[in-house]
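Student: I have this one open in the viewer. Can we go through it together?

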Amino acid sequence: MTEYPGVNMKGLAQAVAAALGAPWAFTEADEHEPPRCLWARIARPDGAEISVHLNTYPKPRLNISGVYPRGPNGRDYGPWDSTKRPSMGVAPDRPAAVIAKEIARRLLPEYLPLYAKAVQDKAAYDAGAGVQQGVASRLAFTLGLPPRAHPADSQSVQIHVYQTDGCYGEFTVSNGGGVQVKLTGLTPAQADAVARVVAKKGE
């Protein structure tokens, strides 16, 4: 099925994209947005995208909203609060040129600044993830543990070490390289060594 009765989503989205003008262009809906007869996207080369969804109940209506960058684990870098995400509704039988004008007037002035911020946030998080991976690798090497791959977008990376003398350590590395350490089963001498490190932290 390529069409909802009375609404050709692909044709409508292509016409709206043409009316918006370059650099906007029609693109197929994302794979998690079936069926294609109800969804379409209009995108720019820089990654900004407009999602066009045909809501069929109680009567056909287009729900139009912006799309934000996602990380490998599906994290969406747009506003957490859904009420802060601009969207709009319009009847699907309105001319494509009118729909495009409404998008340019009602959606894009709010969406594009939020999209630009989301791109910056993702870049900052990705940079922090690189630092995180480096710190985790160095700690593992220092602890004599074999190298291990960690998801690039992990909120935290945990490294566990068990010693035969009963000492247990847990190192949690956060995005950006901050480290939280939990140690149990230390001997008095080991605890004294840790205390000396903590005492020198600000030096």
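This is a predicted model: local features need pLDDT of at least 70, side-chain atom pairs count only at pLDDT 80 or more; totals for chains, interfaces and linings use all residues.

Student: What is the volume of the largest pocket?

Tutor: About 400 Å³.

Student: How do the lining residues divide into nonpolar, polar and charged?

Tutor: There are 11 nonpolar residues, 3 polar and 1 charged in the lining of the largest pocket.

Student: E7 and E8 came up. What sheet are they in?

Tutor: An open sheet of 3 strands, in the order E6-E7-E8, with antiparallel pairing. From one strand to the next, the twist averages 10 degrees.

Student: How many bridges join E6 to E7?

Tutor: There are 7, and the two strands run antiparallel.

Student: Which helix lies across E6, E7 and E8?

Tutor: H2, which runs at about 5 degrees to E6.

Student: Back to the other sheet, then. What is the strand order there?

Tutor: E1-E2-E3-E4-E5, an open sheet of 5 strands with antiparallel pairing. E1 and strand E5 (87-90) are at the edges; each has a single partner strand, so one side of each lacks a neighbour in the sheet. On average, neighbouring strands of this sheet are turned by 25 degrees against each other, direction ignored.

Student: What joins E2 to E3?

Tutor: Strand E2 (residues 39-43) and E3 run antiparallel and are joined by 5 bridges. Ala 43 stands opposite Glu 49 in E3.

Student: Which strands does H1 lie across?

Tutor: H1 lies across E1, E2, E3 and E4, and its angle to E2 is about 20 degrees. H2 also belongs in this picture: it lies across E3, E4 and E5, running at about 30 degrees to E4.

Student: H2 looks bent to me. Where is the kink in H2?

Tutor: At Leu 107, shortly before the proline Pro 109. The kink is about 55 degrees, and H2 spans residues 96-142.

Student: What about the residue that follows H2, is its phi positive or negative?

Tutor: Positive: H2 is followed by Gly 144, with phi near 75 degrees. As background, most residues other than glycine have a negative phi.

Student: Changing topic, which residues does a cis peptide bond join?

Tutor: Ala 22 and Pro 23 are joined by one, with omega about 10 degrees. Tyr 57 to Pro 58 is also a cis peptide bond, with omega near 0 degrees. In general, most peptide bonds are trans.

Student: Where do Pro 23 and Pro 58 lie?

Tutor: Pro 23 is in the loop between helix H1 (9-20) and strand E1 (25-27). Pro 58 is in the loop between strand E3 (49-55) and strand E4 (61-67).

Definitions and conventions. Residues are numbered from 1 along each chain as its sequence is written. Side-chain values use heavy atoms; hydrogens and water are left out. The bend at a residue is the angle between axes fitted to the seven residues ending there and the seven starting there. Helices (H or I, at least four residues) and strands (E, at least two) are DSSP runs, numbered from the N terminus. On a 1 Å grid over the protein atoms alone, a cavity is a set of points where a 1.4 Å probe fits but cannot get out, and a pocket is an open set with protein on both sides within 12 Å along at least five of seven lines; lining residues have an atom within 4 Å of a point. Grid points are joined across faces, edges and corners, and a volume is the space filled by probe spheres set on the points. Ala, Val, Leu, Ile, Met, Phe, Trp, Tyr, Cys and Pro count as nonpolar, Asp, Glu, Lys and Arg as charged, and the others, Gly among them, as polar. Two strands pair if DSSP finds at least two bridges between them. Axes are lines fitted to C-alpha atoms, for helices over the stretch in contact, and angles run from 0 to 180 degrees between N-to-C directions. Contact means heavy atoms within 4.5 Å.
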